Amino acid sequence: MNVSKILKVILTVMILLVLIVTGVLTYLWINGQDDDNSASKQVSQKMNGNETDESQKDEADKTEEKNDDHQKEDESKDKAIRNEDGEKNTLYDEVEVQMDVIDEHNIHASYQYPLFHDDGINKVILQFIKEQKMLFEQESTRMEKANQISTHNVNFKLDKLSENLYTLVFENTMNVSGANGYVQYKTWIIDNKNYNVFTFKDFIINEPKAHDILYKVISAEIKKDKDKDFYVDYPTLKDYIQNNQLRAYPKGEKIVFNFNEYDVAAGALGAFSLEVSTEKIKDSLTDEGKVILIDQDLTKLTDKQLAQIRVDTPEHIDVPKTEEDHTYTEAPSSEDTQQENNTKNNEKPTNQVVDKGVPKTKKIAVTFDDGPNGSTTPHVLEILDKFNAKATFYMIGSKVKYNQNIVRQVHERGHQIGNHTMNHPDLTTLGQSQIKQEFDETNDLIQQAIGEKPSTFRPPYGSTNASVNQMTDMKPVLWTIDTEDWKSHDPQAILEVVKANHQDGGIVLMHDIHKTTVDSLVDVLTFLSNEGYEFVTVDEVM
Ligand code: NI
């Protein structure tokens, strides 16, 4: 072997070694990178949980601005109204949330309910609300005691199962003159295609065989829970099922049964609910029941089936037409709002807003409770802008949920948003966990809409105490001028109250859910402006 041959061999070996080493190093480097990345991501997620949520939220916001396809997918079930910016106006465009409040001496009642576009559906809902009001009036009058507050709270959960198919569950809590309160449920399944309002019993085969299936499945479920098993009276449950009194609604692939207090159990158990797989009770359902509760697809109903299940709208119900709160108006699109405002301007044109140029030496906080409302709140915002006025809106959580875009508009125009609870209960009648829930759920919904939580709350009926206040960091804000707008429904009367009671640093209580309040606003703001008031948020007068 000569020297050159030896050199060639050495060179080849070296090249091979270099290639192998490079390969191994590259492999190690790539893997190392991956490990580092995932490890550091996990750590930063753990350490900055909130920030990560924030940045996810930011991205969610951007996604929404772009009206991105992903978001459409997420909300394909909602089919929500969108304005020109592509933002949602309401959660379900077929629905407007209504709330009636009674705030009298010793009487605190609030009734929240959804209204659809169809009068037939609305009749059923309004009849139920009317009955609830009458029942409460009877009970509170019968049991009236001096200095004892009676409260009644009716609120609802509405879920969309599929196109035009909803479940509506009312929760009704009544507390009369300090006596023990009770909770009751009412459940409906709403077909907004053929305009039917069903209850669960409409879908049960009315035969002993079907009742037996239901009894077996439900009692087996009850036995899984010691408390329920102890308190439930099984013979009563059997009768209850045979008498077709079951109350239930579909939730995904399950059926939720709601039992009111004393329905089938000793009072100690209170109202309770149970979930069972729909599959298990399938054989107790009619064919129509299977289509609606299992397929949850109204298009699969045959004409014959439709005729079979059509529920006649009770004609005897007279829908209260005079009360403006009951008049369903479509949530206005931006364009509509613009047009309606123009009409409004013709009646009360901007140049009639007489600002005498009085120097603004005093401050007053105008506040609006119980909204937002798809048809009235946008008008309030337009009027406030004309006066360059900032106001504070104490919003109801469930309405925030259905009117996210309006909540955002309120925020973007520089107004303050406060917490007025989820369901408008008298907070002093609730336990600590319920109080916390009323505050927290509302704050979460407001944060979803505007990216921040409120710093103040207004207790419904102005009813609060130290133990309520200690459940939150938010400051309670009451008022100094009660316009009683919800009661008078009279723009002139509202103005008179303001004229008689205004003061520097005052807080005016109004409600942005009444048309008559909107009608009073130009006069009220013109008057106060001429008295030298600047319109500020509550933060600025506290
Ligand atoms: Ni209120």
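# Close-up views of a predicted model

**View 1. Helix α7 and the elements that cover its buried residues.** In helix α7, which spans residues 234–242, the residues Tyr234, Leu237, Tyr240 and Ile241 are buried. They cover an arc of only 115° around the axis, and they therefore lie on the same side of α7. The cover over the buried residues of α7 includes α5 (208–223), α6 (226–231) and β8. Asn244 follows α7, and its phi is positive, near 60°. As in every view described here, the coordinates are those of a predicted model.

**View 2. The whole protein chain, as a setting for the close-ups.** The secondary structure of the protein chain comes to 19 helices and 17 strands, and of its 542 residues, 48% are buried. Among contacts in the protein chain with a separation of 6 or more, 67% are between residues 24 or more positions apart. The accessible surface of the protein chain is about 27,400 Å², and carbon and sulfur atoms account for 49% of that area.

View 3. Which residues supply the protein donors of the nickel ion? They are Asp370, through OD, and His420 and His424, each through NE2, at 2.1 to 2.2 Å from the ion. Along the chain, the donors of the nickel ion follow the spacing D-x49-H-x3-H. His420 counts as buried because its relative accessibility is 2%, under the 20% cut-off. His424 is likewise buried, with a relative accessible area of 2%.

**View 4. The cis peptide bond between Gly371 and Pro372.** The peptide bond that runs from Gly371 to Pro372 is cis, and its omega is near 0°. Pro372 is found in the loop that lies between β10 (362–371) and α12 (377–386).

View 5. Pro454 has its place in the loop between α15 (432–450) and β13 (456–457). Is this proline buried or exposed? With a relative accessible area of 8%, Pro454 is buried. When its neighbours within four places in sequence are left aside, Pro454 is in contact with Ile417, Gly418, Asn419, Asn443, Ile446 and Met474. Between Pro454 and Thr442, which are 12 residues apart in sequence, the distance in space is 9.4 Å from C-alpha to C-alpha.

**View 6. Helix α18 and the elements around its buried residues.** In helix α18, made of residues 491–501, Ile494, Leu495 and Val498 are buried. They cover an arc of only 95° around the axis, and this puts them on the same side of α18. The buried residues of α18 are covered by elements that include β15 (481–482), α17 (485–488), β16 (506–511) and α19 (515–530).

**View 7. Two residues with positive phi in loops.** Tyr262, although it is not a glycine, has a positive phi of about 70°, and Tyr262 is found in the loop between β8 (254–259) and β9 (272–277). Its relative accessible area is 61%, so Tyr262 counts as exposed, the cut-off being over 50%. Glu484, in the loop between β15 and α17, also has a positive phi, near 50°, in a residue other than glycine. Is Glu484 buried, partly exposed or exposed? With a relative accessible area of 35%, Glu484 is partly exposed.

**View 8. Ser150 in strand β3.** Ser150 is found in strand β3, which covers residues 150–162, and at 2% relative accessibility Ser150 counts as buried. Which residues does Ser150 touch, not counting those up to four places away in sequence? Ser150 touches Asn106, Ile107, His108, Phe136, Ser140, Asn175, Val176 and Ser177.

**View 9. A nonpolar patch on the surface.** Ile6, Ile10 and Met14 form a nonpolar patch on the surface, and together they have about 270 Å² of accessible area. One of these residues, Ile10, has its place in helix α1 (residues 3–47).

Terms used. Residues numbered from 1 in each chain as written. Predicted model: local features only at pLDDT ≥ 70, side-chain atom pairs only at ≥ 80, totals over all residues. Heavy atoms only, no water. Donors = N, O, S within 2.8 Å, 3.2 Å for Na, K, Ca; no water. Buried < 20%, exposed > 50% of the residue type's maximum accessible area, 1.4 Å probe, protein only. Patch = residues over 30% accessible without salt bridge, like charges linked within 9 Å, V, L, I, M, F, W, Y side chains within 5 Å. Areas by Shrake-Rupley, 256 points an atom, 1.4 Å probe, with all protein chains shown as cover. Salt bridge = Lys/Arg side-chain N within 4 Å of Asp/Glu carboxyl O. Helix = DSSP H or I, 4+ residues; strand = E, 2+ residues; numbered from the N terminus. Arc of directions from axis to C-beta. Contact = heavy atoms within 4.5 Å.
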